[in-house]
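Please keep the structure open while you read the numbered points.

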Amino acid sequence: MKQLLTFLAAALLALGARASDHGTPADALDLINKTAAYLVDQGPAKTFFEASNPKGRFIYRDLYIVIYNKHGKVMAHGAIPRLVGLNVYDYRDEDDKYFVREILDKASKGQQGPVDYKWVHPLTRQMQAKSAWFRQVGQYVITCGTYK
C-alpha cells in the first residue's frame, strides 16, 4: 500500500511538473520582444538561423519562435525547421481556419494577438488549442504561440 501511495504521489508531481512546463502569454511576448531586439541588432540572417535552432536562445519551455515574411513564407521555425522556405499563407488548422492569414493581417494593423487555432504540441505530439502572439518588425512577423 505504501508503494502505491508513493507511486501515486510521484505521478501527481510529474503531472504538475508537466503543466508548469507550459509557457504563458507573457513568456511568449517576452520571447517575441527578445527576438525582435536580436533581429534589429544582428540582422535577419543571424536571427533566422538562431530562431530555427531547436536548442537555441529563442526556445523556452514549450515555446518557440516562428518568423514569416509579409506574404506567409516561413523565414525561421523553432520547432519544425524543415518548414523554412515554404509559403504557409494558405495553411489551415484542423477546423479549416486560415490562421497564418489572420496573424499576418492583424500584425499589419499593429495588433499583437491572440489568434486562436489548433496545432500539434511539440513535446506531446498531440493536437491542442493554441493562441498565437505576434509582432511585426519591418517586413517580418515574429510569432510565438502558447498551448492551452
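1. A salt bridge is a side-chain nitrogen of Lys or Arg within 4 Å of a carboxyl oxygen of Asp or Glu. By that rule, Glu94, Asp95 and Lys118 are linked in a network of salt bridges, and a search of the whole structure finds 11 salt bridges. Side chains of opposite charge can pair when their charged atoms come close.

2. Please bear in mind that this is a predicted model, in which local features need pLDDT of at least 70 and side-chain atom pairs count only at pLDDT 80 or more, while totals for chains, interfaces and linings use all residues. Residues are numbered from 1 along each chain as its sequence is written, and side-chain values use heavy atoms, with hydrogens and water left out.

3. As for the overall layout, the protein has four helices and six strands, where helices (H or I, at least four residues) and strands (E, at least two) are DSSP runs numbered from the N terminus. Read from the N terminus on, the order of the elements is α-α-α-β-β-β-α-β-β-β. Of the 148 residues, 40% count as buried, a word that here means under 20% relative accessible area, with exposed meaning over 50% and partly exposed in between (1.4 Å probe, protein chains only).

4. What is the sense of the pairing between β4 and strand β5? The two strands, β5 being residues 127-137, pair in the antiparallel sense over six bridges, and two strands count as paired if DSSP finds at least two bridges between them. Within this pairing, Trp119 stands opposite Gln128 in β5. The two strands form a hairpin with six residues between them, and Arg125 in the turn has a positive phi of about 60 degrees.

5. Returning to the salt bridges, the side chains of Lys118 and Glu94 meet with N to O at 3.9 Å. Lys118 lies in strand β4 and Glu94 in the loop between β3 (74-77) and α4 (99-108), so this pair ties together parts that are 24 residues apart in sequence. Lys118 is partly exposed, with a relative accessible area of 27%, whereas Glu94 counts as exposed at 51%.

6. Two further pairs can be checked on the model. Lys106 forms a salt bridge with Glu102, with the closest N and O atoms 3.3 Å apart, and both residues lie in helix α4, four residues apart, which is about one turn of the helix. Asp96 forms a salt bridge with Arg92, and here the closest N and O atoms are 3.1 Å apart; Asp96 is partly exposed at 48% relative accessible area, as is Arg92 at 42%.

7. Finally, about 350 Å³ of space lies in the largest pocket. The pocket is lined by 19 residues, of which Tyr64, Ala79, Ile80, Pro122 and Arg125 lie nearest its centre. The elements that give two or more residues to this lining are β2 (63-69) and β4. On a 1 Å grid over the protein atoms alone, a pocket is an open set of points where a 1.4 Å probe fits, with protein on both sides within 12 Å along at least five of seven lines, and lining residues have an atom within 4 Å of a point. The volume is the space filled by probe spheres set on the points, which are joined across faces, edges and corners.
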